[in-house]
Amino acid sequence: MPDSPPRFSMIEPDAKAPTLKRLRQLSRLLDNVITIPGTKIGFGLDPILGLIPIGGDFLGIMFSSYIILEAARLGVSRATLGKMVLNVIIDGLVGAVPVLGDFFDFAWRANTNNIKLLEEYLKFPSEQKSADRWFIFAVLVGLLLISIVLVALPVILIRILWSVFTGG
């Protein structure tokens with residue numbers, strides 16, 4: 001009987017370096033691509049996306065979810081994936097708060113933190129068990145649901161405020 005197929009499509013060891021390089025580039029683009037002249041302070045597209053009403057935070061979480069998905073394909077453990085998801089949840093929920101969230105997005109670098117977690121795991125991968133397919137599926141569905149909530153809440157609030165101000 002032939003070998004059973006892998007439980008989750010893993011990235012071959014030779015392909016880990018290019019994948020990690022691509023994820024680092026995406027993280028830099030989202031968190032630190034623009035440096036304020038004369039300072040060491042930088043920001044990326046994530047806080048800029050957060051300024052887009054309703055859908056901006058959704059897009060930010062989707063890009064961050066891609067980093068988590070690729071980390072899972074690299075064989076990252078449940079514990080590490082859980083920490084990565086927590087970073088994205090904090091970024092998404094606090095980032096959704098008007099004004100405060102926009103300032104928070106400039107300071108909180110969820111994607112950079114997630115790349116550090118990924119690199120730390122890849123230094124000693126055999127010490128922890130890789131996450132299974134169902135856990136990864138549950139994580140991605142959870143992030144999608146949070147993204148949907150982040151889109152739905154402002155729409156609901158705008159509708160309520162509109163009815164209050166228009167008397168309808």
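In the predicted model, helix H4 (78-95) faces helix H7 (133-166) through Arg78, Leu81, Val85, Val88, Ile89, Gly92 and Leu93, which meet Phe135, Ile136, Val139, Leu143, Ile146 and Leu150 of H7, where contact means heavy atoms within 4.5 Å. Helices here are DSSP runs (H or I, at least four residues) numbered from the N terminus. The residues of this contact divide into 11 nonpolar, 1 polar and 1 charged; Ala, Val, Leu, Ile, Met, Phe, Trp, Tyr, Cys and Pro count as nonpolar, Asp, Glu, Lys and Arg as charged, and the others, Gly among them, as polar. The axes of H4 and H7 are 11 Å apart and the angle between the two helices is about 5°, with axes fitted to C-alpha atoms over the stretch in contact and angles running from 0 to 180 degrees between N-to-C directions. H4 and H7 are therefore roughly parallel to each other, a term used for angles under 35 degrees, whereas angles over 145 degrees count as roughly antiparallel.

Residues are numbered from 1 along each chain as its sequence is written. Local features need pLDDT of at least 70 and side-chain atom pairs count only at pLDDT 80 or more, while totals for chains, interfaces and linings use all residues, and side-chain values use heavy atoms, with hydrogens and water left out.

A second pair is formed by H1 (residues 16-31) and H3 (residues 56-73), whose axes come within 11 Å and cross at roughly 160°; the two helices are therefore roughly antiparallel to each other. In this contact, Thr19, Arg22, Leu23, Leu26, Ser27 and Leu30 of H1 meet Phe63, Tyr66, Ile67 and Glu70 of H3, a set that comprises 6 nonpolar, 2 polar and 2 charged residues.

The largest nonpolar core has 24 residues, of which Ile68, Leu81, Met84, Leu118 and Leu143 touch the most other members; such a core is a set of buried Ala, Val, Leu, Ile, Met, Phe, Trp, Tyr and Cys residues joined through side-chain atoms within 4.5 Å. At least two residues of this core come from each of H1, H3, H4, helix H6 (110-123) and H7. When residues up to four places away in sequence are not counted, Leu118 touches Leu20, Leu23, Ala71, Leu74 and Val76.

Asp105, placed in helix H5 (residues 100-107), is buried, with a relative accessible area of 3% (buried means under 20%, exposed over 50% and partly exposed in between, with a 1.4 Å probe and protein chains only). Beyond its neighbours within four places in sequence, Asp105 is in contact with Asp46, Pro47, Gly50, Asp57, Asp91 and Gly95. Asp105 and Asp57 lie 48 residues apart in sequence and 9.9 Å apart in space, C-alpha to C-alpha.

Conventions:
Angles under 35 degrees count as roughly parallel, over 145 as roughly antiparallel, 65 to 115 as roughly perpendicular and the rest as oblique.
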